[in-house]
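Thanks for coming. I will go through one structure this morning, starting with a term and then working from the whole chain down to single residues.

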Amino acid sequence: MAAEFVSHTQYIEYPQSEMRQRASAFYEEIQRRRTVREFSDRPVPRDIIETCLLAAGTAPSGANLQPWQFVVIEDPAVKQQIRTAAEAEEREFYSGKAPQEWLDALAPLGTDANKGFLTTAPYLIAIFAKSFDVLPDGRKVKNYYVTESVGLAVGTLITALHHSGLASLTHTPSPMGFLNKILDRPKNERALILLVVGYPAKDAQIPAHAKKKKSLDEIAVFI
Ligand code: IYR
C-alpha cells in the first residue's frame, strides 16, 4: 500500500510557560499512581473501561499494526477460574521455582501466592500480544516489535485508568498459558499481563518500598 499523507491538524503548541506548567501538572498526577493489591468490589461503569481501552489503542506500534488483544473479564466464574490457575502457578513460584535472589528482590513488596484480588476487583483485563494477525480470508500478517508495542499500550492503559480515578495492578503469574485456555484465545496470542482494575479497598495499604523512585540523575543522562 503506497503512503498517503494528511496534515496533523490535532497538534497543539503551547507557550513555554504553559508547557512547563502542563509537564509539572502531569508529573504531579502520575507520581500519585501506585500499584494496588487490595481492591474494593465496588462496581465500575463499563464505559469508563471502554474509553481507557480506546486510549490504550492509540499507543504507537510497529508499522502501526496494533498487535494487542484485550480481554475484559467481568464474569465472577471466569475470575474464579483464573484465580485458581494463577494461585497454583504462584504456589510453585514461591515455594521452590523462584531463585532466592528473585524472592529477595520481592521481599520488600510482601507478596505471596494468595491472589484474592483476582476475584474481588470488578475487572480483570488480560492483555495478549499477537505475533501475527489472521485476515478474514485466512492469510497471516506478521507483526513487528510486538512486545515493545504491547508494553506501550499497557503503559497508556494504566495511565488512562489512573487519570480516570481507577487503581490497577500489573499481575504476571508465570507461565500464563492458562489464560489462553480459560479465555479461549488462539495460538498467535501470548498473554503478557493480567491487569487488575477497580477502586482500591477502603483501607488499602501499599508497600513503602513502592514509593521509592529513582532520582533524575539515576535514571537519565544528558549528553
Ligand atoms: N508473579 C508473582 C511474583 C512477582 C514477581 C514480580 I517481578 C513482581 O514485581 C511482583 C510479584 C506474584 O504476582 O506474586
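A residue is called buried under 20% relative accessible area, exposed over 50%, and partly exposed in between. Keep those cut-offs in mind, and keep in mind also that this is a predicted model.

By that scale, Phe222 counts as exposed, because its relative accessibility is 75%. Phe222 sits in the segment that follows helix H8, residues 216-219. Together with Leu216 and Ile219, Phe222 makes a nonpolar surface patch of about 410 Å².

Now the chain as a whole. The protein chain has 8 helices and 6 strands. Read from the N terminus, the order is α-α-β-α-α-α-β-β-β-α-β-α-β-α. Along the principal axes, the C-alpha atoms fill a box of roughly 55 × 50 × 40 Å. Of the 223 residues in the protein chain, 35% are buried. The accessible surface comes to about 14,600 Å², and carbon and sulfur atoms account for 55% of that.

Two more overall values. Take the contacts between residues at least 6 apart in sequence: 80% of these join residues at least 24 apart. On charge, the chain has 26 positive and 26 negative charges, and their mean positions are 2 Å apart.

Next, a residue in a strand. Is Ser168 buried or exposed? Ser168 counts as buried, because its relative accessibility is 5%. Ser168 belongs to strand E5, residues 167-171. Which residues does Ser168 contact, leaving aside neighbours within four places in sequence? They are Arg34, Thr35, Val36 and Phe39, then Ile158 and Leu161, and finally Leu195, Val196 and Val197. For a distance along the chain, compare Asn143: Ser168 and Asn143 are 25 residues apart in sequence, and their C-alpha atoms are separated by 28 Å.

On to the charged side chains. How many salt bridges does the structure hold? There are 5, and I will show three of them.

Arg83 forms a salt bridge with Glu87, with the closest N and O atoms 3.1 Å apart. The two are 4 residues apart in helix H3, so about one helical turn separates them. Glu87 is buried, because its relative accessible area is 10%, whereas Arg83 is partly exposed at 23% relative accessibility.

The next pair is Glu189 and Arg185, whose closest N and O atoms are 2.7 Å apart in a salt bridge. Here Glu189 counts as buried at 5% relative accessibility, and Arg185 is partly exposed, with a relative accessible area of 25%.

Then there is Asp133 with Lys130, a salt bridge at 2.8 Å, N to O. Lys130 counts as buried, because its relative accessibility is 11%.

Last, a charged residue without a partner. Glu89 lies in helix H3, residues 76-97. Glu89 is buried yet has no salt bridge. Which side chain of opposite charge is nearest to Glu89, and how far away is it? That side chain is Lys97, 4.1 Å away.

Technical notes. Residues are numbered from 1 along each chain as its sequence is written. This is a predicted model: local features need pLDDT of at least 70, side-chain atom pairs count only at pLDDT 80 or more; totals for chains, interfaces and linings use all residues. Side-chain values use heavy atoms; hydrogens and water are left out. Buried means under 20% relative accessible area, exposed over 50%, partly exposed in between (1.4 Å probe, protein chains only). Contact means heavy atoms within 4.5 Å. Accessible areas come from the Shrake-Rupley method with a 1.4 Å probe; for residues, only the protein chains shown count as cover. Lys and Arg count as positive and Asp and Glu as negative; His and the chain ends are not counted. The place of a charge is taken as NZ of Lys, CZ of Arg, CG of Asp or CD of Glu. Patches are made of residues with over 30% relative accessible area and no salt bridge: like charges are joined within 9 Å, nonpolar side chains (Val, Leu, Ile, Met, Phe, Trp, Tyr) within 5 Å. A salt bridge is a side-chain nitrogen of Lys or Arg within 4 Å of a carboxyl oxygen of Asp or Glu.
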